[in-house]
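Please look over the aromatic side chains in the structure below. The numbered points that follow go through them in turn.

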Amino acid sequence: MNRVIKVETDRYTVDTGSQTVVCYARKKVKRNSDIVVGDFVELENADGVLSVKKVLERKNSLIRPSIANIDNIIMTIAPIPEPDFYLVDKMLINCARKNIGFIICVNKTDLDDTFLNKVQDQYGADVKIISTCAKDNDISQLTDALKGKFSCFAGQSAVGKSSMINALHGEKIAKSGELSAINRGRNTTTRATLYKLDEGTFIADTPGFGLLDVFDVEYDELDLYYSEYVDLSMNCKYHRCKHINEPGCEVKRRVEEGSLNKDRYLRYIETYKELKSKKKY
């Protein structure tokens with residue numbers, strides 16, 4: 001299938017499977033839909049000029065950044081800079097809503113040999129977790145997870161997304177950001193760019209996810225996006241328990257006894273309150 005891998009104003013770079021071509025788009029096509037990276041398109045050749053004649057239906061898409069037909073989000077975190085787990089939670093919720101696979105990639109494992117266990121304690125029941133050390137070119141688990149998929153890298157600046165992309169591609173195609181003095185990182189990626197690793201395997205470094213919010217999620221449905229909580233709710237006293245203030249809540253009981261991660265549960269409560277507060281307006 002023909003997949004758009006780069007968008008530059010009115011020019012579209014398309015991977016046809018056998019070659020990469022640059023084309024334009026019919027005026028009618030541009031009027032009816034924005035063409036974004038990841039789109040599958042039909043092409044036509046008129047007098048030697050290639051153009052996009054149709055954008056095929058998308059299975060999913062993101063607005064910020066504009067990208068479509070994603071198989072997996074590779075949420076990259078590291079011991080340094082300090083992880084924003086609210087960002088991880090919200091990305092996981094949005095991926096569940098849009099039917100996008102979600103994988104947590106723990107990078108820089110050489111910096112803290114306990115960090116991977118901390119992440120597994122929080123997300124291991126709900127999410128596939130892999131580990132890498134891009135500095136040492138230890139990316140075998142990542143390579144296996146990407147095979148035959150279109151995956152987007154997301155995460156805070158300076159967690160090593162660009163370094164991993166360079167290691168996967170075998171050359172320096174993405175800029176690596178250095179940590180700032182306060183260890184928050186400088187954003188080095190300015191637009192979504194798609195790279196082809198092999199037949200059927202594409203990756204993208206995707207800017208803008210740092211501004212992510214939970215869109216269109218009702219506060220009283222938030223628990224449905226936490227699969228571990230859904231499983232435990234069968235033992236709650238009340239049907240459709242929200243796991244906030246209800247008596248006989250199995251989720252709260254597990255948190256109190258220490259068998260369910262408390263940090264993630266407390267973030268769940270804060271997100272619930274945030275969504276409920278927005279509902280009032």
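How many aromatic pairs does a search of the whole structure find?

1. The search finds seven aromatic pairs. Rings of Phe, Tyr and Trp (its six-membered ring) pair if their centres lie within 6.5 Å; planes under 30 degrees apart count as stacked, over 60 as edge-to-face and the rest as tilted. This is a predicted model, in which local features need pLDDT of at least 70 and side-chain atom pairs count only at pLDDT 80 or more, while totals for chains, interfaces and linings use all residues. Residues are numbered from 1 along each chain as its sequence is written, and side-chain values use heavy atoms, leaving out hydrogens and water.

2. Phe85 and Tyr123 form a tilted pair, because their ring centres are 6.2 Å apart and their planes stand at 35 degrees. Phe85 belongs to helix H2 (residues 85–98) and Tyr123 to helix H3 (residues 115–123), 38 residues apart. Helices here are DSSP runs (H or I, at least four residues), numbered from the N terminus.

3. Phe85 has 16% relative accessibility and counts as buried; Tyr123, at 0%, is buried too. Buried means under 20% relative accessible area, exposed over 50%, partly exposed in between (1.4 Å probe, protein chains only).

4. The planes of Tyr229 and Tyr265 are at 65 degrees and their centres 6.4 Å apart, so this pair is edge-to-face. Tyr229 is in helix H6 (residues 227–232) and Tyr265 in helix H8 (residues 262–279), so the pair ties together parts 36 residues apart in sequence. Both Tyr229 and Tyr265 are buried.

5. Tyr226, Tyr229, Tyr265 and Tyr268 are linked into a cluster by ring pairs.

How values were computed:
Helix = DSSP H or I, 4+ residues; strand = E, 2+ residues; numbered from the N terminus.
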